[in-house]
Amino acid sequence: KDFSYVPISLKPDEVELRVESCGVCHSDLHQVHNDWGGANYPLVPGHEIVGTVEKIGAEVKELKVGMRVGVGPQTGSCESCHDCGRGEEQLCSAKIKSYNTATGDSQQPYTYGGFSKRLRVRAKWAFPIPEEIPSEYAGPLLCAGITTWTPFVHNKVRSGQKVGICGFGGLGHMAVQFAAKMGCKTYVITRSPNKKKEAEKFGATGFIISADEKQMHSHARSFDFLLSTISGDGVVYEDFFKLLRPDGIFCCVGLPPKISFKPNLLVVNRLTFCGSYLASHSEIKNMLQFCAKHKVLPQIETLKMTAENANKALERVAKNSVRYRMVLVNN
(Lines give C-alpha, C1' and ligand atoms only; values in the text may rest on other atoms or scores of the structure.)
Protein backbone atom coordinates (compact mmCIF):
# COMPACT_ATOMS: atom_id res chain seq x y z
CA LYS A 1 0.00 0.00 0.00
CA ASP A 2 1.04 3.65 -0.29
CA PHE A 3 3.40 4.91 2.39
CA SER A 4 4.97 8.30 2.98
CA TYR A 5 7.58 9.51 5.45
CA VAL A 6 9.73 12.51 6.28
CA PRO A 7 13.33 11.51 5.44
CA ILE A 8 16.41 12.18 7.50
CA SER A 9 18.08 15.46 6.50
CA LEU A 10 20.38 15.16 3.49
CA LYS A 11 23.87 14.43 4.79
CA PRO A 12 27.00 16.10 3.34
CA ASP A 13 28.05 12.92 1.48
CA GLU A 14 24.58 12.06 0.13
CA VAL A 15 22.52 12.78 -2.95
CA GLU A 16 18.77 12.84 -3.46
CA LEU A 17 17.44 11.08 -6.53
CA ARG A 18 14.21 11.37 -8.44
CA VAL A 19 13.56 7.70 -9.08
CA GLU A 20 12.92 6.91 -12.75
CA SER A 21 12.62 3.13 -12.47
CA CYS A 22 13.25 0.19 -10.18
CA GLY A 23 13.53 -3.49 -10.99
CA VAL A 24 11.67 -6.17 -9.05
CA CYS A 25 13.86 -8.99 -7.80
CA HIS A 26 12.89 -12.35 -6.30
CA SER A 27 14.70 -11.33 -3.12
CA ASP A 28 12.21 -8.44 -2.76
CA LEU A 29 9.50 -11.07 -2.54
CA HIS A 30 11.42 -12.96 0.16
CA GLN A 31 11.88 -9.76 2.16
CA VAL A 32 8.23 -8.69 1.87
CA HIS A 33 7.11 -12.08 3.20
CA ASN A 34 9.94 -12.25 5.76
CA ASP A 35 11.05 -15.62 4.38
CA TRP A 36 14.60 -15.03 5.62
CA GLY A 37 13.60 -13.40 8.90
CA GLY A 38 14.59 -9.93 10.06
CA ALA A 39 12.10 -7.93 7.98
CA ASN A 40 11.08 -4.62 9.55
CA TYR A 41 7.77 -3.02 8.60
CA PRO A 42 6.78 -0.73 7.01
CA LEU A 43 9.20 -2.15 4.44
CA VAL A 44 9.82 -0.39 1.12
CA PRO A 45 11.50 -2.86 -1.28
CA GLY A 46 13.53 -2.16 -4.40
CA HIS A 47 17.27 -2.41 -5.00
CA GLU A 48 17.59 -2.06 -8.78
CA ILE A 49 17.19 1.70 -8.81
CA VAL A 50 17.84 4.29 -11.51
CA GLY A 51 17.24 7.98 -10.94
CA THR A 52 18.32 11.52 -11.67
CA VAL A 53 20.30 13.50 -9.10
CA GLU A 54 18.17 16.41 -7.82
CA LYS A 55 20.12 17.45 -4.71
CA ILE A 56 23.71 16.98 -3.59
CA GLY A 57 25.34 17.23 -0.16
CA ALA A 58 28.04 19.79 0.53
CA GLU A 59 30.88 17.25 0.32
CA VAL A 60 29.78 15.53 -2.91
CA LYS A 61 32.23 16.20 -5.75
CA GLU A 62 31.91 13.34 -8.24
CA LEU A 63 28.17 13.68 -8.96
CA LYS A 64 26.26 16.68 -10.27
CA VAL A 65 22.60 17.68 -10.35
CA GLY A 66 21.00 16.21 -13.47
CA MET A 67 23.24 13.14 -13.69
CA ARG A 68 21.58 9.75 -14.16
CA VAL A 69 22.79 7.15 -11.67
CA GLY A 70 22.04 3.63 -10.52
CA VAL A 71 21.83 2.21 -6.99
CA GLY A 72 22.02 -1.50 -6.24
CA PRO A 73 21.37 -3.71 -3.21
CA GLN A 74 24.24 -2.24 -1.17
CA THR A 75 24.46 1.40 -0.11
CA GLY A 76 27.21 1.38 2.49
CA SER A 77 29.87 -0.47 4.46
CA CYS A 78 31.95 0.07 7.60
CA GLU A 79 34.98 1.30 5.58
CA SER A 80 37.37 0.09 8.27
CA CYS A 81 37.47 -3.73 8.07
CA HIS A 82 39.89 -5.89 6.12
CA ASP A 83 37.49 -6.39 3.22
CA CYS A 84 36.67 -2.69 2.86
CA GLY A 85 40.40 -1.95 2.97
CA ARG A 86 41.06 -4.24 0.01
CA GLY A 87 38.22 -2.80 -2.06
CA GLU A 88 35.79 -5.69 -1.49
CA GLU A 89 33.10 -3.72 0.33
CA GLN A 90 30.40 -6.18 -0.73
CA LEU A 91 31.95 -8.70 1.69
CA CYS A 92 31.84 -6.32 4.66
CA SER A 93 29.95 -7.86 7.59
CA ALA A 94 28.48 -4.45 8.49
CA LYS A 95 27.16 -3.57 5.04
CA ILE A 96 24.21 -1.24 4.63
CA LYS A 97 21.45 -2.39 2.31
CA SER A 98 19.25 -0.21 0.13
CA TYR A 99 16.34 -1.13 2.36
CA ASN A 100 15.58 -2.75 5.74
CA THR A 101 18.86 -1.70 7.40
CA ALA A 102 18.58 0.13 10.75
CA THR A 103 19.62 3.80 10.56
CA GLY A 104 19.78 4.55 14.27
CA ASP A 105 17.46 7.54 13.72
CA SER A 106 13.93 7.50 15.17
CA GLN A 107 12.64 9.78 12.38
CA GLN A 108 13.50 7.17 9.75
CA PRO A 109 14.41 3.95 11.60
CA TYR A 110 15.27 1.91 8.49
CA THR A 111 16.53 2.47 4.98
CA TYR A 112 13.79 2.47 2.35
CA GLY A 113 14.19 1.16 -1.18
CA GLY A 114 13.41 2.09 -4.75
CA PHE A 115 9.67 1.39 -4.97
CA SER A 116 9.38 5.12 -4.47
CA LYS A 117 9.46 8.55 -6.07
CA ARG A 118 12.62 9.78 -4.36
CA LEU A 119 15.60 8.25 -2.63
CA ARG A 120 18.55 9.52 -0.59
CA VAL A 121 21.80 7.61 -0.69
CA ARG A 122 25.51 8.11 -0.17
CA ALA A 123 27.03 9.44 -3.38
CA LYS A 124 29.73 6.76 -3.26
CA TRP A 125 27.07 4.12 -3.90
CA ALA A 126 25.35 5.89 -6.81
CA PHE A 127 26.97 4.83 -10.10
CA PRO A 128 26.73 6.94 -13.27
CA ILE A 129 24.81 5.11 -15.99
CA PRO A 130 26.34 5.18 -19.50
CA GLU A 131 24.13 7.06 -21.96
CA GLU A 132 23.88 3.95 -24.18
CA ILE A 133 21.81 2.15 -21.52
CA PRO A 134 18.13 3.19 -21.14
CA SER A 135 17.00 3.73 -17.54
CA GLU A 136 14.47 0.90 -17.40
CA TYR A 137 17.14 -1.54 -18.58
CA ALA A 138 19.87 -0.23 -16.30
CA GLY A 139 18.25 -1.11 -12.96
CA PRO A 140 18.45 -4.92 -13.28
CA LEU A 141 22.12 -4.59 -14.18
CA LEU A 142 22.75 -3.36 -10.63
CA CYS A 143 21.55 -6.71 -9.24
CA ALA A 144 21.20 -9.50 -11.79
CA GLY A 145 24.02 -7.93 -13.79
CA ILE A 146 26.62 -7.60 -11.07
CA THR A 147 25.61 -10.94 -9.54
CA THR A 148 26.47 -12.80 -12.74
CA TRP A 149 29.34 -10.56 -13.92
CA THR A 150 31.53 -10.89 -10.84
CA PRO A 151 31.94 -14.71 -10.89
CA PHE A 152 33.48 -14.54 -14.37
CA VAL A 153 35.88 -11.78 -13.33
CA HIS A 154 36.85 -13.20 -9.95
CA ASN A 155 37.40 -16.72 -11.32
CA LYS A 156 39.36 -15.38 -14.32
CA VAL A 157 37.11 -16.96 -16.94
CA ARG A 158 38.60 -16.23 -20.34
CA SER A 159 37.79 -16.35 -24.03
CA GLY A 160 37.72 -19.82 -25.55
CA GLN A 161 36.79 -21.63 -22.36
CA LYS A 162 33.73 -23.85 -22.24
CA VAL A 163 31.20 -22.33 -19.85
CA GLY A 164 27.82 -23.66 -18.69
CA ILE A 165 25.01 -21.57 -17.25
CA CYS A 166 22.82 -23.75 -15.02
CA GLY A 167 19.30 -22.36 -15.01
CA PHE A 168 17.92 -19.83 -17.46
CA GLY A 169 15.83 -17.05 -15.96
CA GLY A 170 16.43 -13.57 -14.57
CA LEU A 171 20.04 -14.32 -13.64
CA GLY A 172 20.73 -16.93 -16.29
CA HIS A 173 19.83 -14.80 -19.31
CA MET A 174 22.31 -12.15 -18.11
CA ALA A 175 25.05 -14.71 -17.47
CA VAL A 176 24.69 -16.14 -20.98
CA GLN A 177 25.19 -12.70 -22.52
CA PHE A 178 28.31 -12.01 -20.45
CA ALA A 179 29.89 -15.37 -21.24
CA ALA A 180 29.11 -15.11 -24.96
CA LYS A 181 30.42 -11.54 -25.26
CA MET A 182 33.60 -12.58 -23.43
CA GLY A 183 34.22 -15.10 -26.19
CA CYS A 184 33.41 -18.26 -24.23
CA LYS A 185 31.83 -21.40 -25.67
CA THR A 186 28.56 -20.83 -23.87
CA TYR A 187 26.03 -23.55 -23.00
CA VAL A 188 22.71 -23.30 -21.21
CA ILE A 189 21.89 -26.25 -18.95
CA THR A 190 18.23 -26.35 -17.94
CA ARG A 191 15.20 -28.56 -17.35
CA SER A 192 13.13 -26.48 -19.80
CA PRO A 193 13.39 -27.56 -23.47
CA ASN A 194 11.19 -24.65 -24.56
CA LYS A 195 13.89 -22.11 -23.72
CA LYS A 196 16.32 -23.18 -26.44
CA LYS A 197 15.48 -20.46 -28.96
CA GLU A 198 15.70 -17.73 -26.36
CA ALA A 199 19.01 -19.09 -25.07
CA GLU A 200 20.40 -18.95 -28.60
CA LYS A 201 19.05 -15.40 -29.01
CA PHE A 202 21.13 -14.30 -26.03
CA GLY A 203 24.30 -15.93 -27.39
CA ALA A 204 24.30 -19.57 -26.27
CA THR A 205 26.14 -21.86 -28.66
CA GLY A 206 24.87 -25.02 -26.98
CA PHE A 207 21.82 -26.21 -25.07
CA ILE A 208 21.66 -29.18 -22.69
CA ILE A 209 18.56 -30.66 -21.05
CA SER A 210 19.72 -31.55 -17.55
CA ALA A 211 17.18 -34.40 -17.26
CA ASP A 212 18.53 -36.06 -20.42
CA GLU A 213 21.22 -38.48 -19.24
CA LYS A 214 22.55 -39.04 -22.75
CA GLN A 215 23.02 -35.32 -23.37
CA MET A 216 24.67 -34.80 -20.01
CA HIS A 217 26.99 -37.79 -20.48
CA SER A 218 28.10 -36.53 -23.91
CA HIS A 219 29.55 -33.43 -22.22
CA ALA A 220 31.24 -35.21 -19.30
CA ARG A 221 34.55 -33.73 -18.11
CA SER A 222 34.49 -30.97 -20.72
CA PHE A 223 33.49 -27.73 -18.96
CA ASP A 224 35.94 -25.29 -17.45
CA PHE A 225 33.36 -23.29 -15.50
CA LEU A 226 29.74 -23.77 -14.42
CA LEU A 227 27.68 -20.90 -13.02
CA SER A 228 24.57 -22.01 -11.13
CA THR A 229 21.68 -19.55 -11.03
CA ILE A 230 19.35 -22.24 -9.65
CA SER A 231 17.34 -21.33 -6.55
CA GLY A 232 15.07 -24.38 -6.45
CA ASP A 233 15.69 -27.50 -4.41
CA GLY A 234 15.96 -31.12 -5.49
CA VAL A 235 19.06 -30.56 -7.62
CA VAL A 236 21.49 -33.48 -7.94
CA TYR A 237 24.73 -31.52 -7.88
CA GLU A 238 26.86 -34.57 -8.63
CA ASP A 239 25.34 -34.58 -12.13
CA PHE A 240 26.79 -31.13 -12.73
CA PHE A 241 30.15 -31.98 -11.18
CA LYS A 242 30.50 -34.77 -13.75
CA LEU A 243 30.43 -32.12 -16.47
CA LEU A 244 33.57 -30.39 -15.17
CA ARG A 245 37.05 -31.22 -16.31
CA PRO A 246 39.68 -31.63 -13.55
CA ASP A 247 40.40 -28.27 -11.85
CA GLY A 248 37.02 -27.00 -13.05
CA ILE A 249 34.96 -24.52 -11.05
CA PHE A 250 31.31 -24.69 -9.97
CA CYS A 251 30.09 -21.29 -8.73
CA CYS A 252 26.71 -20.62 -7.08
CA VAL A 253 24.84 -17.34 -7.29
CA GLY A 254 21.37 -18.84 -6.86
CA LEU A 255 20.10 -19.43 -3.32
CA PRO A 256 18.46 -22.85 -2.93
CA PRO A 257 16.92 -23.68 0.47
CA LYS A 258 19.81 -26.08 0.99
CA ILE A 259 22.61 -27.74 -0.95
CA SER A 260 23.67 -31.34 -0.40
CA PHE A 261 26.16 -33.52 -2.25
CA LYS A 262 28.84 -36.13 -1.75
CA PRO A 263 32.35 -34.64 -1.99
CA ASN A 264 33.92 -37.54 -3.90
CA LEU A 265 33.95 -35.89 -7.33
CA LEU A 266 35.26 -32.62 -5.92
CA VAL A 267 38.12 -34.41 -4.24
CA VAL A 268 39.24 -36.79 -6.99
CA ASN A 269 38.99 -34.17 -9.77
CA ARG A 270 40.32 -31.27 -7.69
CA LEU A 271 37.18 -29.24 -8.38
CA THR A 272 36.33 -25.92 -6.76
CA PHE A 273 32.85 -25.30 -5.35
CA CYS A 274 32.28 -21.65 -4.49
CA GLY A 275 29.81 -18.79 -4.31
CA SER A 276 29.76 -15.14 -5.33
CA TYR A 277 27.99 -12.11 -3.89
CA LEU A 278 27.33 -8.72 -5.51
CA ALA A 279 30.40 -6.77 -6.68
CA SER A 280 33.08 -4.26 -5.71
CA HIS A 281 32.95 -0.64 -6.87
CA SER A 282 35.42 -1.27 -9.66
CA GLU A 283 33.56 -4.38 -10.82
CA ILE A 284 30.26 -2.47 -10.96
CA LYS A 285 31.78 0.34 -13.02
CA ASN A 286 33.52 -2.10 -15.36
CA MET A 287 30.32 -4.11 -15.79
CA LEU A 288 28.34 -1.02 -16.78
CA GLN A 289 30.97 -0.05 -19.36
CA PHE A 290 31.05 -3.61 -20.72
CA CYS A 291 27.26 -3.63 -21.07
CA ALA A 292 27.28 -0.29 -22.86
CA LYS A 293 30.04 -1.38 -25.25
CA HIS A 294 28.66 -4.85 -26.04
CA LYS A 295 24.94 -4.04 -25.82
CA VAL A 296 24.32 -6.45 -22.94
CA LEU A 297 20.85 -5.70 -21.60
CA PRO A 298 18.19 -7.58 -19.63
CA GLN A 299 14.93 -8.62 -21.22
CA ILE A 300 12.28 -6.72 -19.28
CA GLU A 301 8.58 -6.16 -18.77
CA THR A 302 7.43 -2.81 -17.37
CA LEU A 303 4.57 -1.51 -15.25
CA LYS A 304 3.82 1.99 -14.02
CA MET A 305 5.08 2.40 -10.46
CA THR A 306 2.04 2.30 -8.19
CA ALA A 307 1.31 0.29 -5.04
CA GLU A 308 -1.18 -1.81 -6.98
CA ASN A 309 1.30 -2.56 -9.74
CA ALA A 310 4.06 -3.33 -7.24
CA ASN A 311 1.83 -6.07 -5.84
CA LYS A 312 1.07 -7.32 -9.35
CA ALA A 313 4.76 -7.42 -10.17
CA LEU A 314 5.59 -9.36 -7.01
CA GLU A 315 2.81 -11.84 -7.82
CA ARG A 316 4.24 -12.35 -11.31
CA VAL A 317 7.70 -12.91 -9.85
CA ALA A 318 6.26 -15.44 -7.38
CA LYS A 319 4.69 -17.36 -10.28
CA ASN A 320 7.92 -17.25 -12.32
CA SER A 321 5.93 -15.80 -15.22
CA VAL A 322 8.19 -12.81 -15.93
CA ARG A 323 10.52 -12.89 -18.94
CA TYR A 324 12.94 -12.11 -17.49
CA ARG A 325 12.99 -9.02 -15.22
CA MET A 326 10.05 -6.88 -14.11
CA VAL A 327 10.62 -3.13 -13.85
CA LEU A 328 8.42 -0.47 -12.24
CA VAL A 329 8.62 2.89 -14.02
CA ASN A 330 7.74 6.37 -12.73
CA ASN A 331 6.31 8.83 -15.26
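The charged end of Lys162 sits over the ring of Tyr187, at 4.8 Å from the ring centre; a charge counts as sitting over a ring if NZ of Lys or CZ of Arg is within 6 Å of the ring centre and within 35 degrees of the ring normal. Lys162 also lies over the face of Phe223, 4.5 Å from the centre of that ring. All of this comes from a predicted model, in which local features need pLDDT of at least 70 and side-chain atom pairs count only at pLDDT 80 or more, while totals for chains, interfaces and linings use all residues. Residues are numbered from 1 along each chain as its sequence is written, and side-chain values use heavy atoms, with hydrogens and water left out.

Lys162 turns up again beside Asp224, whose side chain reaches the backbone nitrogen of Lys162 at 2.9 Å. Asp224 belongs to strand β11, residues 223–228 (strands are DSSP runs of E, at least two residues, and helices runs of H or I, at least four, numbered from the N terminus). The side chain of Asp224 is also joined to that of Arg245 by a polar contact of 2.9 Å. Such a contact is a pair of N or O atoms within 3.5 Å; within protein, one must be able to donate a hydrogen and the other to accept it, and residues adjacent in sequence count only if both atoms are side-chain atoms. Neighbours within four places in sequence aside, Asp224 is in contact (heavy atoms within 4.5 Å) with Gln161, Lys162, Leu244, Arg245, Gly248 and Ile249.

Now for the rings. The whole structure holds 19 aromatic pairs, meaning rings of Phe, Tyr and Trp (its six-membered ring) with centres within 6.5 Å; planes under 30 degrees apart are stacked, over 60 edge-to-face and the rest tilted. One of them, Phe202 with Tyr324, is edge-to-face, at 6.4 Å centre to centre and 70° between the planes. Phe202 lies in the loop between α5 and β10 and Tyr324 in the loop between α10 and β15, so the pair ties together parts 122 residues apart in sequence. Phe202 is buried, at 11% relative accessible area, and Tyr324 is buried at 5% (buried means under 20%, exposed over 50%, partly exposed in between, with a 1.4 Å probe and protein chains only).

Tyr237 and Phe261 make a tilted pair, because their centres are 6.5 Å apart and their planes at 55°. Tyr237 is in helix α7 and Phe261 in the loop between β12 and α8, so this pair ties together parts 24 residues apart in sequence. Tyr237 is buried, at 2%, whereas Phe261 is partly exposed, at 26%. Both belong to a cluster linked by ring pairs, along with Phe240, Phe241, Phe250 and Phe273.
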